[in-house]
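Subject: Structure for you, with notes on what was found

Dear colleague,

Please read them with the model open beside you.

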Amino acid sequence: GNPALTHVVVAVLEEPERRELAGRVLEEYVGRQEAGEPPERLALSMKQLAESHPRFLPLQKLVVQLLRDLGRYDDATVIATRAMESFPEAVEPAWMAAEALAAAGRWSEALVVAREWRQRSSLRPLAADLLIAEARFQAGDAEQAVEELEPHLERALTDPDRYASVLLSAV
């Protein structure tokens, strides 16, 4: 199954005010999958539903994941960017948008959005910093990319298994 679908299931359980909508999303998603609907059509129908319910974050996450899985990074970016605007304090929409932009190779935009992601996730900035460093590297600025990772290098050296991604990025 799709890991993003888990967020919709959680909404059924934890968000009584969204239970009906979450149930409808699950019913439509599962029904279309069981009917053998092609992934492209499933994503399109879920996208239309997401456009009708822009304030239901689990659905936005599901659609972004479906679109990314299909390689439709520009469409995924549109949905994720809209979610960033709808949920200005939430970390996940900024993460989704930055990742979609990076997957599309739109590095200068990914850098801007990754900085927003980092700001929103100030308590756990490692993933955002890794994407910022990657965007810097892709822009041809390897020195700046390494500088972005410096705050994490000491921890990475003391716990290399946990921070392997930092060490590999810094090399």
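A polar atom of the side chain of Gln 60 lies 2.9 Å from the backbone oxygen of His 53, a polar contact in the sense of a pair of N or O atoms within 3.5 Å, where, within protein, one must be able to donate a hydrogen and the other to accept it, and where residues adjacent in sequence count only if both atoms are side-chain atoms. Please bear in mind that this is a predicted model, in which local features need pLDDT of at least 70 and side-chain atom pairs count only at pLDDT 80 or more, while totals for chains, interfaces and linings use all residues. Residues are numbered from 1 along each chain as its sequence is written, and side-chain values use heavy atoms, with hydrogens and water left out.

Gln 60 is found in helix α4, residues 57-69, where helices (H or I, at least four residues) and strands (E, at least two) are DSSP runs numbered from the N terminus. Gln 60 counts as buried because its relative accessibility is 0%; buried means under 20% relative accessible area, exposed over 50%, and partly exposed in between, with a 1.4 Å probe and protein chains only. Leaving aside residues up to four places away in sequence, Gln 60 touches Ala 50, His 53, Pro 54, Ile 79, Arg 82 and Ala 83, a contact being heavy atoms within 4.5 Å.

Arg 68 also lies in helix α4, but at 24% relative accessibility it counts as partly exposed. Its contacts, again not counting residues up to four places away in sequence, are Tyr 73, Ala 76, Glu 99, Ala 100 and Ala 103, and its C-alpha atom is separated by 9.7 Å from that of Met 96, 28 residues apart along the chain.

For the chain as a whole, there are 10 helices and zero strands, and the C-alpha atoms fill a box of roughly 50 × 30 × 30 Å along the principal axes. Of its 171 residues, 39% count as buried, and among contacts between residues at least 6 apart in sequence, 46% join residues at least 24 apart.

The 14 residues of α5 should span 20 Å at 1.5 Å a residue, and its end C-alpha atoms are 20 Å apart, which agrees; the expected span is 1.5 Å times one less than the number of residues. Its buried residues are Ala 76, Thr 77, Ile 79, Ala 80, Ala 83, Met 84 and Ser 86, and these pack against α3 (39-52), α4, α6 and α7. Helix α6, with 13 residues, reaches 18 Å from its first C-alpha to its last, close to the 18 Å expected. The buried residues of α6 include Pro 93, Ala 94, Met 96 and Ala 97, and what covers its buried residues includes α4, α5 (73-86), α7 (107-120) and α8. Just after α6, Gly 105 takes a positive phi of about 75 degrees.

In helix α8, Asp 129 counts as buried at 1% relative accessibility. Its side chain makes a polar contact of 2.5 Å with the side chain of Arg 118, and, beyond residues up to four places away in sequence, Asp 129 touches Arg 118, Glu 148, Leu 149 and His 152. Ser 108, which lies in helix α7, counts by contrast as exposed, at 58% relative accessibility.

Finally, the largest pocket has a volume of about 250 Å³. Of the 11 residues that line this pocket, the closest to its centre are Ser 121, Arg 124, Pro 125, Leu 126 and Ala 127. A pocket here is an open set of points on a 1 Å grid over the protein atoms alone, where a 1.4 Å probe fits, with protein on both sides within 12 Å along at least five of seven lines, and lining residues have an atom within 4 Å of a point; the volume is the space filled by probe spheres set on the points, which are joined across faces, edges and corners. Helices α6 (91-103) and α8 (126-138) each supply at least two residues of the lining.

With best regards
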